[in-house]
Amino acid sequence: MMSARKGKERIPDLLEQLQGEYEALNQEHSVSKAQRDEYQRKLEEQLQDMGAMTQNLKELATQHQYMKKTYEEEIVRLRREIEAAGGTAPPSRSFAPPPETMSLPSFQSTPGSRPGQAGLEVNGGMVGGGAGSMLPLAGTPSRDAGGVVSAMSSAPAVDSEGRALDDWNVVHNPTCSSTKMNISLRHTLSHDSVVCCVRFSTDGRYMSTGCNKMAVLYDAETGNRICMFSSDGASVVENAEDLSTLSRPGGGCVDSYVRSVCFSPDSKYLVAGAEDKTIKVWDIAQRRLRHSLVGHTKDIYSVDYSSDGRFIISGSGDKRAKLWDVVSGECVRTFGDEEGPKDGVTSVAMSPDGRYVAAGALGRGVGLWG
């Protein structure tokens, strides 16, 4: 009886003790919660500061690129003025490239933080997304697998009067200081149809193009059109108004694109292969047709002259390449047969010593004869 009475008397004390411990734990929990909220607030502030710093870096990199481009353009202009005045411009100074990368502090997300705040995306890369995150500096030279700096730069092309041309770009390597690069568009040669091919003469005096119903001959230096050789071999056209007279036997104006042109080694003859299945050999000085080489059964895709001037090689849609004697105009050998490439021979060439003939096709194959 005595023990039971004492047990009942201790129950209030135990309850009071438990209540005190609960209140103490609840107070500790409140303190911990307040500390966690404070830590999270500080982390968000740091992330905001990080974002502002990253934005400042981007703006500085943009300003650096603009200033660098402005200074380079001014240096080029001054060097040209000095050279134009007959002086000698001082050699360009070389500077060590800036560090390629820089380390930034990394932040890891914590429970309760919002998604996307642990890493900031800059220029396509992540900053602060984990340990060892790196931010590439804008404008620094890129490096290939061998550690070689790629310093290619480009500038908009201009015509002879300095007017910008939106549809052309001139690209050069500024590290090649031993070679002066002063490239500009000299001439724009307008045509009335698609231009299928272009070729320079061996002496560099002429340039020829192949287009619909004619091969056009230009003066390479002035860009002036010298004459137009009709693809049917019937005439030499001196002006664009005469193009309407070009026709095939039987009447009616028929399209016939000149797919390939080439010059003889002495630059006296122009060869043109067209869709009419023939190869025309024109005497440039006399403005007359020397040969019309007949033997292919489909369009002519490619022509080439031997280096000794004795032969012409041609490739056609009939799956064959043919070797022609320039003096007689006769075919001396045919390469290939019906088992050849289904799309025809699209490219031909002769080796400089005349020992080999090569023929390429769309079927990923090249035939080599010798």
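Biologist: Which residue in E17 stands opposite Lys280?

Modeller: Ser292 is the one opposite Lys280. Keep in mind that this is a predicted model, where local features need pLDDT of at least 70, side-chain atom pairs count only at pLDDT 80 or more, and totals for chains, interfaces and linings use all residues. Residues are numbered from 1 along each chain as its sequence is written, and side-chain values use heavy atoms, with hydrogens and water left out.

Biologist: What makes E16 and E17 a pair?

Modeller: Two strands pair if DSSP finds at least two bridges between them. Strand E16 (residues 278-283) and E17 have six, in the antiparallel sense, so by the cut-off of at least two bridges they pair. The strands themselves are DSSP runs of E, at least two residues, and helices are runs of H or I, at least four residues, both numbered from the N terminus.

Biologist: Why are E14 and E17 said to stand at the edges?

Modeller: The open sheet runs E14-E15-E16-E17, with antiparallel pairing. Strand E14 (258-263) and strand E17 (288-294) each have a single partner strand, so one side of each lacks a neighbour in the sheet. The twist from one strand to the next averages 20°; axes are lines fitted to C-alpha atoms, for helices over the stretch in contact, and angles run from 0 to 180 degrees between N-to-C directions.

Biologist: What order do the strands take in the sheet that holds E20 and E21?

Modeller: That open sheet has four strands in the order E18-E19-E20-E21, also with antiparallel pairing. Strand E18 (300-305) and E21 are its edge strands, each pairing on one side only.

Biologist: How do you know that E20 and E21 pair?

Modeller: Four bridges join strand E20 (residues 321-325) to strand E21 (residues 331-335), and Lys322 stands opposite Thr334 in E21. Their hairpin has five residues between the strands, and Gly329 there takes a positive phi near 75°.

Biologist: And how many bridges join E22 to E23?

Modeller: Five, between strand E22 (residues 345-350) and strand E23 (residues 357-361), running antiparallel. Val345 has Ala361 as its bridge partner in E23. This hairpin has six residues between the strands, with Gly354 at a positive phi near 75°.

Biologist: What makes Cys196 partly exposed?

Modeller: Buried means under 20% relative accessible area, exposed over 50%, and partly exposed in between (1.4 Å probe, protein chains only). Cys196 has 31% relative accessibility, so it counts as partly exposed. Cys331, with a relative accessible area of 33%, is also partly exposed.

Biologist: How many of the residues come out as buried, as a percentage?

Modeller: Buried residues are 28% of the 370 in the protein.
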